[in-house]
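Good morning, and thank you for coming. Please look at the structure on the screen while I speak.

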Amino acid sequence: MKACITGWAHSKFGKLEGETVESLVVDVAERAIAHAGLEAEDIDEIVLGHFNAGFSKQDFTASLVLQADDRLRFKPATRVENACATGSAAIHQGLKTIEAGRARNVLVVGVEQMTTTPGPQIGENLLKASYLPEDGGIPGGFAGVFGKIAAGYFQKYGDQSDALAMLAAKNHKNGVGNPFAQMRKDLGYEFCRTESDKNPFVAGPLKRTDCSLVSDGAAAIVLTDLESAMKAPRAVMFRAAEHVQDFLPMSKRDILAFEGCQLGWRKALAQAGVALDDLSFVETHDCFTIAELIEYEAMGLAKPGEGAAVAMSGETAKDGRLPVNPSGGLKAKGHPIGATGVSMHALTAMQLCGEAGDIQVPGAELGGVFNMGGAAVANYVSIMERVR
């Protein structure tokens with residue numbers, strides 16, 4: 001591919017008092033441009049990832065990025081959305097613009113402010129990422145959708161509670177070292193495995209520790225064409241960027257197979273000319289622990305129904321054969337919908353540049369990202385390496 005990440009910025013994720021969608025966007029936009037060694041006038045296009053779905057009263061947000069610098073005025077700015085993969089959808093829009101030769105530098109921002117919305121409405125907003133004629137009445141909102149998936153998986157392959165608890169514990173342990181993470185606490189396997197007042201069942205076999213967090217936050221990256229990126233302070237190139245969209249109704253597909261994720265990974269690995277074993281780490285979309293478990297099988301780490309063995313073996317721990325979610329994942333880091341995909345790519349770039357601090361995977365050379373919208377509906381896979 002012909003595009004690189006040359007700069008990034010990342011806010012803390014969590015309940016951010018005193019912040020607005022605008023303030024979050026402005027902060028990361030300013031810092032990402034500066035981090036890339038650019039000025040505002042060097043930006044040719046702006047893409048904003050913002051899911052919203054009722055979280056923000058301000059629903060025309062693309063031009064909020066221009067608030068970061070008056071010199072951004074009159075730059076093309078567009079908001080994109082693709083459920084929980086909104087951030088990656090924004091990145092793909094920027095990549096296409098660069099590949100078409102229409103821009104040298106594209107600023108991509110992802111943002112969401114969720115915590116100012118009342119709890120019941122949060123559930124209603126998130127459920128809009130499912131197929132409402134079939135799923136609109138599921139108790140528990142979007143957690144109910146994945147609770148249904150988990151129950152189906154358990155029925156077919158047996159009780160996977162041990163594996164789900166191990167995944168939750170792994171990601172919370174990793175998140176301790178992430179300064180951007182919403183929850184920086186090592187909860188331990190026993191806490192995640194045991195039902196309690198602090199860890200009740202939420203939907204089906206999923207407990208609170210199996211569910212990602214409601215979050216505010218923003219992240220931004222600067223995409224630059226390869227020729228210009230060779231003059232930048234740093235450059236992380238996309239070896240592959242694939243997008244596979246599947247049917248929205250779960251009734252039209254094998255929901256336990258995540259077939260769109262499978263195809264996305266196959267196409268991305270082929271485009272990059274590498275195998276899964278060549279990757280140094282993966283950031284994957286663990287909106288719920290059952291999602292990470294099934295994603296192990298979809299990416300090719302395990303055969304169908306055998307993802308639990310990988311989870312229990314420790315091979316996806318930070319010091320394992322293929323670290324998965326060294327950032328703590330959505331589980332510990334938080335999941336502000338529009339920001340998540342941009343965050344995953346920014347953190348991957350940090351890893352590949354050796355700038356990830358306490359979450360650094362030693363010697364990281366090749367990183368993979370899987371960002372998912374809905375229940376394996378929008379599937380985005382990136383493979384990245386540092387070239388400068």
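Predicted model: local features only at pLDDT ≥ 70, side-chain atom pairs only at ≥ 80, totals over all residues.

Residues are numbered from 1 along each chain as its sequence is written, and side-chain values use heavy atoms, with hydrogens and water left out.

Let us begin with the helices. Helices (H or I, at least four residues) and strands (E, at least two) are DSSP runs, numbered from the N terminus. Helix 6, residues 161–175, packs against helix 10, residues 289–299, at an angle of about 100 degrees, and their axes are 9 Å apart. Axes are lines fitted to C-alpha atoms, for helices over the stretch in contact, and angles run from 0 to 180 degrees between N-to-C directions. Helix 6 and helix 10 are therefore roughly perpendicular, a term for angles of 65 to 115 degrees; under 35 is roughly parallel, over 145 roughly antiparallel, and the rest oblique. The contact (heavy atoms within 4.5 Å) includes Leu164 and Leu167 of helix 6 and Ile290 and Leu293 of helix 10.

Next, consider Gln160, in the loop between helix 5 (141–157) and helix 6. Is Gln160 buried or exposed? Its relative accessibility is 6%, so Gln160 counts as buried; buried means under 20% relative accessible area, exposed over 50%, and partly exposed in between, with a 1.4 Å probe and protein chains only. The side chain of Gln160 reaches the backbone oxygen of Tyr157 at 3.2 Å, and a polar atom of that side chain lies 2.9 Å from the backbone oxygen of Gly158. Leaving aside neighbours within four places in sequence, Gln160 is in contact with Tyr153, Phe154, Leu293 and Ala308.

We turn to the cysteines. How many disulfides are there? The count is zero, a disulfide being a pair of cysteine sulfur atoms within 2.5 Å. For Cys4, the nearest cysteine sulfur, that of Cys353, is 10 Å away. The sulfur of Cys211 is 9.3 Å from the closest one, in Cys287, which is too far for a bond.

Finally, two residues other than glycine have positive phi values: Phe74, near 80 degrees, and Ala376, near 60 degrees. Phe74 is in the loop between strand 2 (45–49) and strand 3 (77–80) and is exposed at 70% relative accessibility. Ala376, in the loop between strand 10 (366–373) and strand 11 (378–386), is buried at 0%.

How values were computed. Polar contact = N/O pair within 3.5 Å; in protein donor to acceptor, adjacent residues only side chain to side chain.
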